[in-house]
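Reader: I am new to reading protein structures, and I would like to learn how to go from a single residue to the whole fold. Could we work through an example together, step by step?

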Amino acid sequence: KQEEDYEEEAIARTEFTDRIENFFEYDPLKAGQPSQFSIHLTDLTDGTPVEKAEVTLITRAKGGAEVMQTKARVGKVTGIYVADVAIPSKGDYDIEFHVKNAKIDERMALTDFKVE
């Protein structure tokens, strides 16, 4: 089958807290397979990229228990972080982004992550 060869479109979302903008793209989530999240963080107080942050993605079953945590690594460009998220089972999940550096300690809980 040739259809399976094409690259699936990355999913892009932009979310905000009062303090930061989180623009992220990720590959469609499939059970047990890592999906790369490319996370671009901006400090809304001055419009600069968020640098030298510890970024943790906390995955929870929809409205329920924590499944796993994934620490992002710092990307090549300031303000960009990369996390490989491999959720073991199919279903609906919430992912909380925790962003922490010398100036910022923000939590952003997001819903609607579907794992096929």
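Reader: Leaving aside its neighbours within four places in sequence, which residues is arginine 13 in contact with?

Author: Please keep in mind that this is a predicted model. Contact here means heavy atoms within 4.5 Å, and by that rule arginine 13, once its neighbours within four places are left aside, is in contact with Asn22, Phe23, Phe24, Leu110, Thr111, Asp112 and Phe113. Arginine 13 itself is found in strand β1, which covers residues 11-16, and its side chain reaches the backbone oxygen of threonine 111 at 2.9 Å.

Reader: Does arginine 13 count as buried or exposed?

Author: A residue is called buried when its relative accessible area is under 20% and exposed when that area is over 50%. Arginine 13 has 17% relative accessibility, and therefore it counts as buried.

Reader: Asparagine 22 was on that list, so where is asparagine 22, and what does it touch?

Author: Asparagine 22 has its place in strand β2, and because its relative accessibility is 1%, it counts as buried. Not counting residues up to four places away in sequence, asparagine 22 touches Arg13, Thr14, Glu15, Ile39, His40, Leu41, Phe97 and Met108. Take Phe97 from that list: asparagine 22 and phenylalanine 97 are 75 residues apart in sequence, while their C-alpha atoms are 9.0 Å apart in space.

Reader: How should I read a phi angle, and which value does aspartate 112 have?

Author: Most residues other than glycine have a negative phi. Aspartate 112 has a phi near 70 degrees, which is a positive value in a residue other than glycine. Aspartate 112 lies in strand β10, residues 105-115, and it counts as exposed because its relative accessibility is 59%. Lysine 52 is another case, with a positive phi near 50 degrees; lysine 52 lies in the loop between β4 (48-49) and β5 (54-61), and its relative accessible area of 70% is why it is called exposed.

Reader: What is in the largest nonpolar core, and which residues have the most contacts inside it?

Author: In soluble globular proteins, nonpolar side chains tend to be buried together. In this model the largest nonpolar core has 26 residues, and those with the most contacts inside it are Phe37, Ile39, Val55, Leu57, Phe97 and Phe113. At least two residues of this core come from each of the strands β2 (20-26), β3 (35-43), β5, β8 (80-85), β9 (91-100) and β10. To look at one member, valine 55 touches Ile39, Leu41, Thr70, Lys71, Ala72, Tyr81, His98 and Val99, again not counting residues up to four places away in sequence.

Reader: How many aromatic pairs are there in the whole structure?

Author: A search of the whole structure finds 7 aromatic pairs. In one of them, the ring centres of tyrosine 26 and phenylalanine 113 are 5.6 Å apart and the planes stand at 50 degrees, so the pair is tilted. This pair links distant parts of the chain, since tyrosine 26 is in strand β2 and phenylalanine 113 in strand β10, 87 residues apart. Both tyrosine 26 and phenylalanine 113 are buried. Phenylalanine 37 and phenylalanine 113 also form a tilted pair, because their ring centres are 6.3 Å apart and their planes are at 45 degrees. Phenylalanine 37 lies in strand β3 and phenylalanine 113 in strand β10, so this pair ties together parts that are 76 residues apart in sequence. Phenylalanine 37 counts as buried because its relative accessibility is 0%.

Reader: Which residues do the ring pairs link into a cluster?

Author: The ring pairs link Phe24, Tyr26, Phe37, Phe97 and Phe113 into a cluster.

Reader: Now for the whole chain, how many helices and strands are there?

Author: The protein chain has 0 helices and 10 strands. Among contacts between residues at least 6 apart in sequence, 52% join residues at least 24 apart. Of the 116 residues in the chain, 38% are buried.

Reader: What radius of gyration does the protein chain have, and what would a compact globule have?

Author: With 116 residues, a compact globule would have a radius of gyration near 13 Å, and the protein chain has 14 Å, which agrees. Taken along the principal axes, the C-alpha atoms fill a box of roughly 50 × 35 × 20 Å. The accessible surface of the chain comes to about 7000 Å², and 47% of it belongs to carbon and sulfur atoms.

Note on methods. Residues numbered from 1 in each chain as written. Predicted model: local features only at pLDDT ≥ 70, side-chain atom pairs only at ≥ 80, totals over all residues. Heavy atoms only, no water. Helix = DSSP H or I, 4+ residues; strand = E, 2+ residues; numbered from the N terminus. Buried < 20%, exposed > 50% of the residue type's maximum accessible area, 1.4 Å probe, protein only. Polar contact = N/O pair within 3.5 Å; in protein donor to acceptor, adjacent residues only side chain to side chain. Core = buried A, V, L, I, M, F, W, Y, C linked by side-chain atoms within 4.5 Å. Rg over C-alpha atoms; globule rule 2.2 N^0.38 Å. Areas by Shrake-Rupley, 256 points an atom, 1.4 Å probe, with all protein chains shown as cover. Phe/Tyr/Trp six-rings, centres within 6.5 Å; stacked < 30°, edge-to-face > 60°.
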